[in-house]
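The sequence and the structure are shown first.

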Amino acid sequence: MNARVPLLSIDDLRVHFPITKGVVLRRTVGQVQAVDGVSLELSEGETVGLVGESGSGKTTLGRAVVGLYRPTSGSIAFRGTDLGTIRSEDAKGVRAQLQMVFQDPFASLDPRWPIGASIGEPLRIHGVGNRRERRTRVGELLDVVGLPRRMAGRFPHELSGGQRQRVGLARALALRPALIVADEAVSALDVSVQAQIINLLQRLQREFGLTYLFIAHDLAVVHHISDRVAVMYLGRLVELASGSDLYGKPLHPYTVSLLSANPVPDPAVEARRQRIVLPGDPPNPASPPGGCRFHTRCWLRERLGSPERCASEDPPLRGLASGHTVACHFAEEVADSPVQRHAVGAGD
Ligand SMILES: Nc1ncnc2c1ncn2[C@@H]1O[C@H](COP(=O)(O)OP(=O)(O)O)[C@@H](O)[C@H]1O
Ligand code: SF4
Ligand SMILES: [Mg+2]
């Protein structure tokens, strides 16, 4: 295997959902552009965080990666193999390599089944081993996620939120995946339980060489776990950088506003910081604004002398520093500006 082939390559991916009207003659009257032209590569063993407001398309992107949604256009390749054109006899094996854990493991665990059966279900579906071997494997998976083996006989409602998330992980690990999409996997948990699950994720990554696409709206959690962080707005990637660059020197006005709303640990710094509150809600992804999609809410545009370009010309992602790409015509204005320093808590 060529070491330079990324584990996962997402290329100009679009996932649109038709909006239909009428019960009998279901006419398509529009498209929700949930993901609209996203390109992103993940290397083996890295964690890429994906942040953005609710509705920005994070879940849709994650579900497309694991094959739960079909791309409207563009492609997703795993170790160089395009998942859209893969021969059907190979598809099952490749799909097994891509797994997802969800915010609410209840959604993926059958309430009527003891959890051992839920963890073993992927093994059964993929015809792995006989019944006894599968039971042994379920026991090993419980060990791996730090649950006692006797829990195999318990039902989902008897478990705490953290335990259920461990079960969700055990199930995701059953087929020895290479990549796990964690979609708000710790968002519903108490802070102390969040930390335990994140530690577990990091240990599993070291142990099994896993690659993560870690989706969350909580920027602090993402910072802790991610090597690189991607920011989505209205179906698009607007910024991508290493964790330290994105949190220390954000270049997109949207990222700056997200960070300004994210508390920093030092209370003295926190007290001095200014928040940039974005006006209004995100626009409807069925009819996104022309030009820069962020222009209707952008604080930087307001401060520029000639904001016309923002409303007419769609800014492409461009590299501004090594490994740091941003989709804003005027990102240079953000670099080292007082607003940027304020947002990240670096003082005046
Ligand atoms: N299955 C679906 N059918 C129609 N619209 C959807 C579907 N899933 C998501 N959407 C829409 O796509 C947009 C992106 O949603 P989502 O990917 O869930 O964003 P996020 O995870 O960032 O909150 C939203 O406007 C949402 O309403
Ligand atoms: S291109 Fe214009 S509207 Fe878009 S983020 Fe940059 S300054 Fe704001
Ligand atoms: Mg989501």
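The text below describes a predicted model, beginning with the sheet.

**Sheet**

Four strands form an open sheet in the order E2-E1-E4-E5, with antiparallel pairing. Its edges are strand E2 (27-42) and strand E5 (81-82), each of which pairs on one side only. Strand E1 (residues 8-21) and strand E4 (residues 73-78) are joined in the antiparallel sense over 5 bridges, while E4 and E5 pair in that sense over 2 bridges. Residues that stand opposite each other or are bridge partners include the following.

| Residue | Partner | Strand of the partner |
|---|---|---|
| Phe78 | Thr81 | E5 |

The hairpin of E4 and E5 has 2 residues between the strands, and Arg79 in this hairpin takes a positive phi near 45 degrees.

**Helices**

Helix H1 (residues 58-65) lies across E1, E2 and E4. Relative to E2, H1 runs at about 70 degrees.

Helix H9 (residues 253-260) is mostly covered, with 8 of its 8 residues buried. Among them are Pro253, Tyr254, Val256 and Leu259.

**Ligand 2**

Which residues are around ligand 2? They are Pro253, Cys292, Phe294, His295, Cys298, Leu300, Arg301, Cys310, Pro315, Cys328, His329 and Phe330. By class, this shell has 9 nonpolar, 2 polar and 1 charged residues. Pro253 is one of the residues around ligand 2, and Pro253 is also one of the buried residues in H9.

Technical notes:
Residues are numbered from 1 along each chain as its sequence is written. Chains are lettered from A and ligands numbered from 1 in the order in which they are written. This is a predicted model: local features need pLDDT of at least 70, side-chain atom pairs count only at pLDDT 80 or more; totals for chains, interfaces and linings use all residues. A residue is near a molecule or strand if its C-beta atom, placed from the backbone, lies within 6 Å of it. Ala, Val, Leu, Ile, Met, Phe, Trp, Tyr, Cys and Pro count as nonpolar, Asp, Glu, Lys and Arg as charged, and the others, Gly among them, as polar. Two strands pair if DSSP finds at least two bridges between them. Two residues are in contact if their C-beta atoms, placed from the backbone, lie within 7 Å. Axes are lines fitted to C-alpha atoms, for helices over the stretch in contact, and angles run from 0 to 180 degrees between N-to-C directions. A residue is buried if 20 or more other C-beta atoms lie within 10 Å of its own, exposed if 12 or fewer, and partly exposed in between; C-beta atoms are placed from the backbone.
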